[in-house]
Amino acid sequence: MVCCIGRLTWSPATGRAPQDRATLTGSVITAAPSADADAYIPAMALTCTDILTQTPQGLCCPIGGFHIDPVRPVERALITHGHSDHARAGHGAVLATRETLAIMAERYGEGFAGSAEAARLGEERRIGEVTVRFVPAGHVLGSAQIVIEAGGCRIVVSGDYKREPDPTCLAFELVPCDVFITEATFGLPVFRHPEARSEVQKLLESVALFPERAHLVGVYALGKAQRVMALIREAGYDRPIYLHGALERLTELYKSEGVDLGETPKATGARKSELGGAIVLAPPSATQDLWSRRLPDPVTAFASGWMRVRARARQKGVELPLVISDHADWEDLCRTIAETGAGEVWVTHGQEDALVHWCRTQGLEARPLHMLGYGDEEEGDLGASSRPEHPPDAESRDRGEADPAEDSLEGA
Amino acid sequence: MNRFTALLDRLAYEPRRNAKLRLMADYFAHTPDPERGWALAAMTGVLSFRYAKPGLIRGLAEERMDPTLFYLSWDYVGDLSETVALMWPAAPSSSPLAGEVARPQAGSEGGRGAELEIDATASSTPAPPTRLGLRPSPPSPPGGGEYAPGIGHNTPPPHVPTLSEVVHGLSTASKSDLPALVAGWLDVLDETARWALLKLITGELRIGVSARLAKTAVANLGDIPPDEVEHIWHGLEPPYEELFAWVERRGPRPESRDPAPFRPPMLSHPLEEEDLAKLDAAHFMAEWKWDGIRLQAVCGRRPDGRLVRRIYSRTGEDVSRAFPDLVEALEFEGALDGELLILREDRVQSFNVLQQRLNRRSVTPKLVAEYPAHLRVYDILAEGEEDLRALPLVERRRRLEGLVAQLANPRIDLSPLVPFSSWDELAAARRDPAAAGAGEDAAAIEGCMVKRADSSYVPGRPKGLWFKWKRDPHLVDAVLMYAARGSGKRSSFYSDYTFGVWRGGEEGEELVPVGKAYFGFTDEELQRLDRYVRNHTMNRFGPVREVEYGKDKGLVLEVAFEGLQRSSRHKSGVAMRFPRVHRIRWDKPPREADRIEALERILARGEAEVYPLKEQAKGAAS
Ligand SMILES: [Zn+2]
Ligand SMILES: [Zn+2]
């Protein structure tokens, strides 16, 4: 069986015993928690903490024998989506949606795990003592929530999610549950994402206002890049959208999955004159670096939920902030929690304190998990005020700055 | 309000001056009176409201939001206005779309300005401020975490106030009505407009637009020289309808009714030694170039006979309030051009001392006594009603001498002429002002002003008339230690350089940072420096790179600077004025760079004036 270190390791800050929660969620309390998880076989009903616990590897289901989005190699991993902080290489067996597996293979190579199995959305499967189901999360292509049920208790691990429609992935599906496990990347009331369409409109208006300048849009390589392109296409823009080399392969993958993104030539191959008035997409780190010098007088834009905070945008030298996020904003976090009907909420990463506070004002049990290792890819990197300039990952930073040898590194 | 908001939003992120001008000119051209006039007033810093202050905003925030969430958010965002603007609980949508989830109208940028804006033509039926203020605001869930379906389906869409209405409301509402009025607006505005409104209230637009730039944008509307706008500016009042009519050639040039208007100053060109050969010394006059702040002192009588006295900065800001002691001394009618200095016992104090007065926010009697403001004049632009600017400098000088003598006030004196008959003689005076008549004031002199004797007073920077011949800067050889990315156009270059000099540390010789320079080099040099930084990086700290340095490795920069100041904020204990890269010493080994002692010596020369003060301050405190 997979190792889970002891039983539940709650953050000491919350200081409550698991039994309290169990009562609140309506589950029947069984025997006092045993120190030995393996020896403890539930007879009738389970508490939620018997089903899911927290370990240094990440969330662990001891009675199912698996981890979810583990940050260190484990025997058996269920992966919610392809962002590199959630989907890491080196696990024994991986269960994820077919698209997520394809993204992992694209990023890490075919041998990213000992074995891989595709989970079909909505299909229930028995793993150990629990039933598991993957349900769309609306975050990026292939992203899923993982629903775990055992002994009359249903837990939803939502991974990363958003409620706003996204032409590049399936919409979030609401699953009523007892315990809802949520992220809180944008877990402060200052984060309210405007409609992504209106942000893209802003970009296109700027292109019209400065027809001689290139518009360089910083986007994360997985999800954001393709969503922004799809929205630009929806708005009727049909000229080529030029890409930094680091965005190419995942964009090809999206296209091969049937997402229509139009013509997306390589920016490095284009003449400077051709790029005047063009839209160019690049990873955030490249927008401020040597790479951007090939562009004629670029307007620097950045598509991210963080762009809502002016100081953030200015820190990054952004002239045209586009508030487009693949994460739920404050209102959607609150709304989703309420709609699941969960009596208990666990907050994995992001601005946990504010969201936990809000849950408690609503009479819900809530705990911050303070999980480490998440938020290193895409938007998480800008989240901590202490390291606003931290690039998404070393890989893309080096790619961005590697000019003029950028081409040689694009495959990374 | 929406259009104005969109403009501010765009300006706040636009680093390029010309693009800022374009955005503003576009706004002025497409926005009707009086909206654009109020916008101009806001951008030139003319607006200020008696009761609308930051405390009001905080009060509203605490009332309408969950305090825990508010403070967590404020802590995260760092700016009060922005925090409140972002998290103000959206009033439930009352549009026909309601029934679905009430989404905030935040950033409905697409057609922002078009749909909801009610422009001046509709101002015949503006909602009275009180009605807006009393608009019932429904109870909102804590922190705006709002997901209840909209209430009030059948109410008409809320009236988005125009900028004119906002300005009117803020100026006229009573202190007790103001919170409800502002809250009512916050309820109907989108988040960017809320930000703009709150910035308007706190008086800190921070959009990187100077009053001068805004006026230039207005002038550009009608291809009028910006100085023309400047000239009539102080006679105008918001919303500046006459001004716009004039620049759009629909009306006459507004008369400057201000009895004490600002007149755009005449500026000089730097003098290079090689220029001297082409110039005839006999045609020129010279004065000392004082290391102070250039001011314009203007007085004139109102129709009722009262004397209006004003002090303007070089850019035309009215700074009278900062210098009540000097304003008192302005007992004349006319306009004088001169330098603000601090004099103690008839001795001009260094710029360091002047800065200590400028740095204080409130002007207390104690400050005025310790740092008495003094005006040393060198030109006269008008006397009584008479405009003297067309007269030759020699003639103006005669008039100036007459007026200063008549004034007989020790606060205002004449900047003396530096006599010379050849350029060599002037060069000698510039090298050693003390010996050339400046005596003990020499430390506050930063060179000579050289002016054609027949020059009229021409606003702007006309060629060939006035020159500044600055004293040579101090130079120091320092070692490059850190480099940071620049901003705007330079954001892809490591263009900000922190440099250090040697000092004896606990573990032997070490480099201590003494300053930061980000100009002085050519574009090619920048490219080369940038490449150097990238190829010699030892550590990265976000946007900053630490480069390789030591006795035998590293890059020496010859840094030029104007002066030094003691500073407790800097590790080295000194701060430089106007440091810039003078030369890049690719050839020089770092071990031969300067030591901190070299700076200490420069400091010692100019320090006598600073130290007694510090002692005084200590004495007063204890
Ligand atoms: Zn993610
Ligand atoms: Zn995440």
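Me: How many Å apart are the zinc ion (ligand 1) and the zinc ion (ligand 2), and which residue coordinates both?
Reply: This is a predicted model. In it the two zinc ions, ligand 1 and ligand 2, are 3.9 Å apart. D160(A) coordinates both.

Me: What coordinates the zinc ion (ligand 1)?
Reply: H81(A) through NE2, H83(A) through ND1, H139(A) through NE2 and D160(A) through OD. The distances are 2.2 to 2.3 Å.

Me: What spacing do those donors follow along the chain?
Reply: The donors of the zinc ion (ligand 1) follow H-x1-H-x55-H-x20-D.

Me: Why is the arrangement around the zinc ion (ligand 1) irregular?
Reply: The 4 donor atoms subtend angles of 86 to 170 degrees, which makes it irregular. Tetrahedral would need all angles between 85 and 135 degrees.

Me: Is H81(A) buried or exposed?
Reply: H81(A) is buried, and H83(A) is buried too.

Me: Change of topic, sheets. What is the strand order in the open sheet of 7 strands in chain A?
Reply: The order is β7-β8-β9-β10-β11-β17-β18, and the pairing is mixed.

Me: Which strands stand at the edges there?
Reply: β7 (125-127) and β18 (365-368) of chain A. Each has a single partner strand, so one side of each is left without a neighbour in the sheet. On average, neighbouring strands of this sheet are turned by 25 degrees against each other, direction ignored.

Me: How many bridges join β11 to β17 in chain A?
Reply: There are 5, between residues 179-184 (β11) and residues 344-350 (β17), and the two strands run parallel. F180(A), for example, has V345(A) as its bridge partner in β17(A).

Me: Which strands does helix α10 of chain A touch?
Reply: Helix α10 (residues 330-340) packs on the sheet and touches β11 and β17 of chain A. The direction of α10 makes about 175 degrees with that of β11(A).

Me: On to chain B. What is the order in the open sheet of 4 strands?
Reply: In chain B the order is β1-β11-β10-β2, with mixed pairing. The edge strands are β1 (269-270) and β2 (284-290), and each pairs on one side only.

Me: How many bridges join β1(B) to β11 of chain B?
Reply: 2 bridges, and these strands run parallel. P270(B) stands opposite K468(B) in β11(B).

Me: And which strands does helix α17 of chain B lie across?
Reply: Helix α17 (residues 393-407) lies across β2, β10 and β11 of chain B, at about 55 degrees to β2(B). Helix α18 (residues 423-431) of chain B also touches β2, β10 and β11, and its direction makes about 50 degrees with that of β11(B).

Note on methods:
Residues numbered from 1 in each chain as written. Chains lettered and ligands numbered in written order. Predicted model: local features only at pLDDT ≥ 70, side-chain atom pairs only at ≥ 80, totals over all residues. Heavy atoms only, no water. Pairing = 2+ DSSP bridges. Axes fitted to C-alpha atoms, helices over the stretch in contact; angles between N-to-C directions. Contact = heavy atoms within 4.5 Å. Donors = N, O, S within 2.8 Å, 3.2 Å for Na, K, Ca; no water. Tetrahedral: all angles 85-135°; square planar, octahedral: opposite > 155°, others 65-115°. Buried < 20%, exposed > 50% of the residue type's maximum accessible area, 1.4 Å probe, protein only.
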